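Subject: Structure for your review

Dear colleague,

Please find the structure below, together with its sequence. I would be grateful if you would read the notes that follow with the model open.

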Amino acid sequence: MTDYGHDLRFGSFLTPRNDAPDAVVELARLSEDVGLDLVTFQDHPYQPGFLDTWTLLSWVAARTERVELSGNVLNLPLRNPAVLARSVASLDLLSGGRVNLGLGAGAFWDAIEAMGGRRLSPGESVTGLEEAIDIIRGVWDTDERRALRVRGTVHRVEGAKRGPAPAHEVPVWLGAYKPRMLRLVARKADGWLPSLGFLSSPGLREGNAIIDEEATRHDRDPREIRRLLNLPGDFGDPGERVDTLLERLLPLALEDGVSTFVLGSDDPNALAFFGREVAPALREAVAAERQAAHDPKNVFRGNFTITPAGD
């Protein structure tokens, strides 16, 4: 049971519906107004009922001032990684360093293939994601003078020019559930971003163990990898007592290492409750437990391990 010591952050996970395009933009602006740190959108380019997620991210970046932005997660099979790298860096520069990169290996292969994408096997999709990360980071690496060459089996570039570099070190978060993907998180990513409703086996604790073991094997400190979690909308239900929600959230933070909680809801009341009531209460409770765990007078109080990390 591990607390990785990261600062707590909170966000929204919004549906990019195109039947009322202004509504989702207003929910993003509300997320900022109620104190959330992050606004994210699902990315299903084959879904005709949705706005294009990258276009939406760009528009929302221009309509907000502070909140960070990310796809949750971007559909890599329909987004060329070298072009995506330049898109991310460009928006990061334009927004003053507010972009994060959430990536997925792909799903719904019939729909992807119908849009002109290549159907991949599960193994090929993970390989392609790893190759894409190398390409994306390679495009951002403007200190390297040589042209970029990544000769992958799914994605490849042959002498691409590098740049632009983003305004800040953009974190790469992976939506991952199976052991091979979790090991990729450990080797190449900055964060693990699953959805609570889709976690079965391995669950959070088992997934963390896989990531930590693989990271250590590759000489990475597991604390470098942020643990994020998409929550269902009931975690922002204004009809719930805050202390009842804390009973559910506190173990996720202190025992399962989650430090970024993203509420999946399009209800403005739920977003406001989550940002104004739940988030500050959880921050206060986690801070108190961390302080108590470090207090020698309370040596028997906690049953979790704290591994402080600078964030």
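The notes below cover the model as a whole, then its helix packing, and then some details of the backbone.

**Basis of the model**

This is a predicted model, in which local features need pLDDT of at least 70 and side-chain atom pairs count only at pLDDT 80 or more, while totals for chains, interfaces and linings use all residues. Residues are numbered from 1 along each chain as its sequence is written, and side-chain values use heavy atoms, with hydrogens and water left out.

**Confidence and overall form**

The predictor's confidence in each residue is given as pLDDT, on a scale from 0 to 100. For the protein chain the average pLDDT is 94, and 95% of the residues score at least 70. Residues 299-306 need caution: pLDDT stays under 50 there, and the model has 16 contacts beyond four places in sequence for this stretch. A contact here means heavy atoms within 4.5 Å. Where pLDDT is low, the predicted coordinates should not be read in detail.

The protein chain contains 9 helices and 13 strands. These are DSSP runs numbered from the N terminus (helices: H or I, at least four residues; strands: E, at least two). The radius of gyration of the protein chain is 19 Å, close to the 19 Å that the globule rule gives for 311 residues, so the chain is as compact as a globular protein of that length. That radius is taken over C-alpha atoms, and the globule rule is 2.2 Å times the number of residues to the power 0.38. Along its principal axes, the C-alpha trace of the protein chain spans about 60 × 50 × 35 Å.

**Helix packing**

Two packed helices are described by the angle between their axes and the distance between the axes. The axes are lines fitted to C-alpha atoms, for helices over the stretch in contact, and angles run from 0 to 180 degrees between N-to-C directions. Angles under 35 degrees count as roughly parallel, over 145 as roughly antiparallel, 65 to 115 as roughly perpendicular and the rest as oblique.

Helix 3 (residues 81-95) packs against helix 5 (residues 122-140) at an angle of about 45 degrees, with the axes 8 Å apart; the two are therefore oblique to each other. On the helix 3 side, P81, A82, L84, A85, R86, V88 and A89 meet A132, I135, I136, V139 and W140 of helix 5. By class, this contact has 11 nonpolar, no polar and 1 charged residues. The classes are nonpolar (Ala, Val, Leu, Ile, Met, Phe, Trp, Tyr, Cys and Pro), charged (Asp, Glu, Lys and Arg) and polar (the others, Gly among them).

Helix 5 also packs with helix 6 (residues 179-188), where the axes come within 10 Å and cross at roughly 15 degrees. Helix 5 and helix 6 are therefore roughly parallel to each other. The contact is made by G123, V126, T127, L129, E130, I133, D134 and R137 of helix 5 and by R180, M181, L184, R187 and K188 of helix 6. Its residues divide into 5 nonpolar, 2 polar and 6 charged.

The axes of helix 1 (residues 21-33) and helix 2 (residues 53-63) come within 10 Å and cross at roughly 50 degrees, and these helices are therefore oblique to each other. V24, V25, E26, A28 and R29 in helix 1 meet L56, W59, V60 and R63 in helix 2. That contact has 6 nonpolar, no polar and 3 charged residues.

**Backbone details**

The peptide bond from N72 to V73 is cis, with omega near 0 degrees; V73 is found in the loop between strand 4 (68-71) and strand 5 (74-75). A cis peptide bond also joins G163 and P164, with omega about 0 degrees, and P164 is found in the loop between strand 8 (156-160) and strand 9 (172-174). F108 has a positive phi of about 55 degrees although it is not a glycine.

With kind regards
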